[in-house]
Amino acid sequence: MKIFTEPPREIWDALTERPSSDNSKIRERVEEIIEKVKREGDQALIDFAFEFDGVNTALRQSSLEQSLMADIGFVQMMALRVNPALKEAIDVAYSNIYKFHSAQLEYEGDFENEPFPGVRCVMRSVPIKKVGLYVPGGSAPLFSTVLMLAIPAVIAGCEDILICTPPSKEYLLHPAIAYAALKCGVDRILFAGGAQAVAAMAYGTESVVKRDKIFGPGNSYVAEAKKIVSDDVATDMVAGPSELMVIADDSCIPSFVAADLLSQAEHGADSQVVLLVQNRILLERILESLEVQKEMLTRKEIADKALSMSIAVIFEDMDDAVSFASLYAPEHLIVSTENPWAKAMKVDAAGSVFIGNYSPESAGDYASGTNHTLPTNGWARSSGGITTASFMHKITYQELSPTALEILGPVIETMASEESLDAHKNAVSVRINQLKNN
């Protein structure tokens, strides 16, 4: 990690910049993939399953070409393979996530107001009908993402929920993904991953009905595909490399902080962790523990690469650390300080915040109840993570009584006239004239 001590504010912007990379080649390849899916539909998805997912070519004439959509009986069979301990863990996580996201409906119900006598204004929350949920597969299928996306989609009332996830080389579905999907009440699963899955959801194929909105994290190809198709279909967000910031003072437990930094660094070589610490002695204790714990990781090399792109900043004044955190706008923020709630509430840009020594970021990734699909790359300054409301859209209504139109009409006429929109003014005037003549 690069270490900075009391950096002057004029270089804070530079310190909060994320590591950049040239995605031009990825974009070019993703555009080719999307065009092939738009042109060839299911056949393109089949071809890419062999090319990118390594599906056994012996299956070319069997199940893969028969159906890209997993049969409900097959999903149920795969779900039975989940070991009891994992099943119990998913059940607990499901309960917590469901409770937190269902409680959000209290703030998303219909709303009615009378801003002016005789004027009735209503706002209604309506579920998005057809949603697509991308669930990463590969070496570490993210069944937790099924819970984080399917639960709020079901609670919101979405009618048509489709999960897209890459098949294994044996053209099988990961048992935990199958179990989590059924637990959430979703049984429509498409065997497709990467940019091709995003394209299928955005434009439709023989097996896939075009989605109204696409959700879910993924690798750089998935992220690039979501950028490209966003001109034609709504997407939740473009999720970049994972991020974690920790604010720590002498009240923290150094080994805990070190463990948290490593938990994010192991996500990928392009992940970034940022440590804001009160003094050098504490920093050295954290880094010492980090080195010891790192040696025990199976993904040590990945963590090393991520840490090489990460920074530690010493701020004697913790208020400066809070200001720096707001400027950086981390995806995940852990506050391990004295009076952590007071400091956390001063941070006005973060995806999800973890308070105190016993709230690891891993809790939010899996089972505390909040959502782990969060804004990265500074987008937390202006947007939040997935909520139940993400799967809904708003419709507003208004009804004016004749008396209200007579009173409010001159206001509308004056404003429309000033904008030289004569027809707008006349739409009010003809009604007022008719009322006067009755």
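At what angle do helix H9 and helix H10 pack, and how far apart are their axes? The legends below begin with this pair.

The model is predicted, so that local features need pLDDT of at least 70 and side-chain atom pairs count only at pLDDT 80 or more, while totals for chains, interfaces and linings use all residues. Residues are numbered from 1 along each chain as its sequence is written, and side-chain values use heavy atoms, with hydrogens and water left out.

**View 1. Packing of helix H9 on helix H10.** Helix H9 (residues 194-203) and helix H10 (residues 220-229) pack at an angle of about 25 degrees, with their axes 8 Å apart; helices (H or I, at least four residues) and strands (E, at least two) are DSSP runs, numbered from the N terminus, and axes are lines fitted to C-alpha atoms, for helices over the stretch in contact, with angles running from 0 to 180 degrees between N-to-C directions. H9 is therefore roughly parallel to H10, a term for angles under 35 degrees, whereas over 145 counts as roughly antiparallel, 65 to 115 as roughly perpendicular and the rest as oblique. In contact (heavy atoms within 4.5 Å), Gly 194, Ala 195, Val 198, Ala 202 and Tyr 203 of H9 meet Tyr 221, Val 222, Ala 225, Lys 226 and Val 229 of H10.

**View 2. Packing of helix H5 on helix H8.** The axes of helix H5 (residues 72-79) and helix H8 (residues 175-184) lie 7 Å apart, at an angle of about 115 degrees, and the two helices are therefore roughly perpendicular to each other. From H5, Ile 72, Val 75, Gln 76, Met 78 and Ala 79 meet Pro 175, Ala 178, Tyr 179 and Leu 182 of H8.

**View 3. The six-stranded sheet.** Six strands in the order S1-S11-S10-S9-S12-S13 form an open sheet with parallel pairing, where two strands pair if DSSP finds at least two bridges between them. Its edge strands, each pairing on one side only, are S1 (2-5) and S13 (352-355). Within the sheet, strand S9 (residues 243-248) and strand S10 (residues 272-277) pair in the parallel sense over six bridges, and Val 246 has Leu 275 in S10 as its bridge partner.

**View 4. Helices on the sheet.** Helix H11 (residues 254-265) lies across S9, S10 and strand S12 (332-336), and runs at about 170 degrees to S9. Helix H14 (residues 318-328) also packs on the sheet, where H14 touches S9, S10 and strand S11 (311-314), and its direction makes about 170 degrees with that of S9.
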